[in-house]
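Welcome, and please load the model in your viewer.

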Amino acid sequence: MSLMPQAYTGGFVAAPKLYQKFEPQLSALGMVIMRVGFILLYAETLLRCLRLWRRRSQLTDDPRIMLTVLTALGYIAFHTLLWETESRYGQVMIPLLGILCAIPNLALDSDKRNQFRTKSESWLTFGALVLIVGTYATAPHALYNNRGHDVAEQQSQLSLQFDAKKTQIRPYDTLSQQVTLNHQARYFEVSLAPAAEFSGTLINERTQQHYELFRAYKALTLKRTLPTGQYRIQLRNDLQRSQSVLITKTQSYRLAPYPLEIDQHPHPYWSFVYKFARAR
């Protein structure tokens with residue numbers, strides 16, 4: 001799940017047990033397929049743009065070509081010059097490149113060239129399949145190891161740069177939330193505000209074993225082997241004053257399968273920001 005493309009919510013809330021059994025291999029295969037696909041898409045777009053440049057004197061103005069090119073260039077210029085440059089912003093370019101490749105004016109109109117292109121595409125497809133299988137078979141262990149694969153998580157949150165509101169917790173109030181682990185985990189963290197002072201415990205619901213959480217800069221963490229089963233995240237405000245804690249709230253939308261409870265009062269659309277992983 002960490003290697004496969006993730007949603008903006010941070011991935012699966014709780015990955016199914018069957019999927020996690022084969023997750024490293026599926027993640028590696030998916031990574032290879034996506035990289036090969038991007039290379040082919042970019043190469044096709046580049047060839048078509050070169051063809052357009054060479055034949056610009058023979059073509060009439062096509063508003064579809066102009067609109068697609070200007071949209072792509074304007075989008076890239078906006079994020080590069082005015083916003084920020086990150087890989088996720090480039091995802092919108094994929095359909096634009098697809099539109100550019102699908103415009104008939106950029107296709108070859110010679111039957112001989114079309115026949116040659118068909119043969120070339122057949123060999124290119126065959127070569128791509130061989131490349132995918134070969135890369136997957138000879139991929140280094142680091143490509144599909146278990147490091148960092150998430151077992152269960154709820155990472156959806158409003159970024160601090162958008163002035164995320166913090167929830168005030170009264171003195172000695174207790175917050176808790178249940179989580180299901182479908183695979184063994186070795187690392188756990190629950191996010192807090194940087195200056196918050198909460199004591200934290202992770203409870204195994206079956207054995208009632210309590211694990212004390214340790215404070216990091218922005219989270220309470222635990223590094224140890226956690227077998228599959230039901231767990232409960234429990235935080236407590238031990239100070240004599242109210243403190244803020246990082247909680248995700250939505251309107252009629254469940255981000256986690258179990259509600260967040262404050263002094264045993266459930267909030268179905270609230271959740272901690274937490275993560276269980278195989279390693280860290």
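Start with α3, residues 63–81, and colour its buried residues: I65, T68, A72 and H79. Now show the neighbours too, because this is a predicted model and you will want to see what those side chains meet. The buried residues of α3 pack against α2 (23–54) and α4 (93–102).

Next, look down the axis of α3. The buried residues fall within an arc of 100°, so they line one face of the helix. An α-helix has 3.6 residues a turn, so residues three or four places apart point the same way.

Which residues sit on the face turned away from the buried side of α3? Select P63, L67, L70, L73 and L81: these are exposed.

From first C-alpha to last, the 19 residues of α3 reach 26 Å, close to the 27 Å expected at 1.5 Å a residue.

Now move on to L82, in the loop between α3 and α4. Is L82 buried or exposed? Its relative accessibility is 64%, so L82 counts as exposed; the cut-off for that is over 50%.

Finally, zoom out to the whole protein chain, with its 5 helices and 15 strands. Of its 280 residues, 35% are buried. The chain exposes about 17,400 Å², and carbon and sulfur atoms supply 60% of that area.

Definitions and conventions
Residues numbered from 1 in each chain as written. Predicted model: local features only at pLDDT ≥ 70, side-chain atom pairs only at ≥ 80, totals over all residues. Heavy atoms only, no water. Helix = DSSP H or I, 4+ residues; strand = E, 2+ residues; numbered from the N terminus. Expected span 1.5 Å × (residues − 1). Buried < 20%, exposed > 50% of the residue type's maximum accessible area, 1.4 Å probe, protein only. Arc of directions from axis to C-beta. Contact = heavy atoms within 4.5 Å. Areas by Shrake-Rupley, 256 points an atom, 1.4 Å probe, with all protein chains shown as cover.
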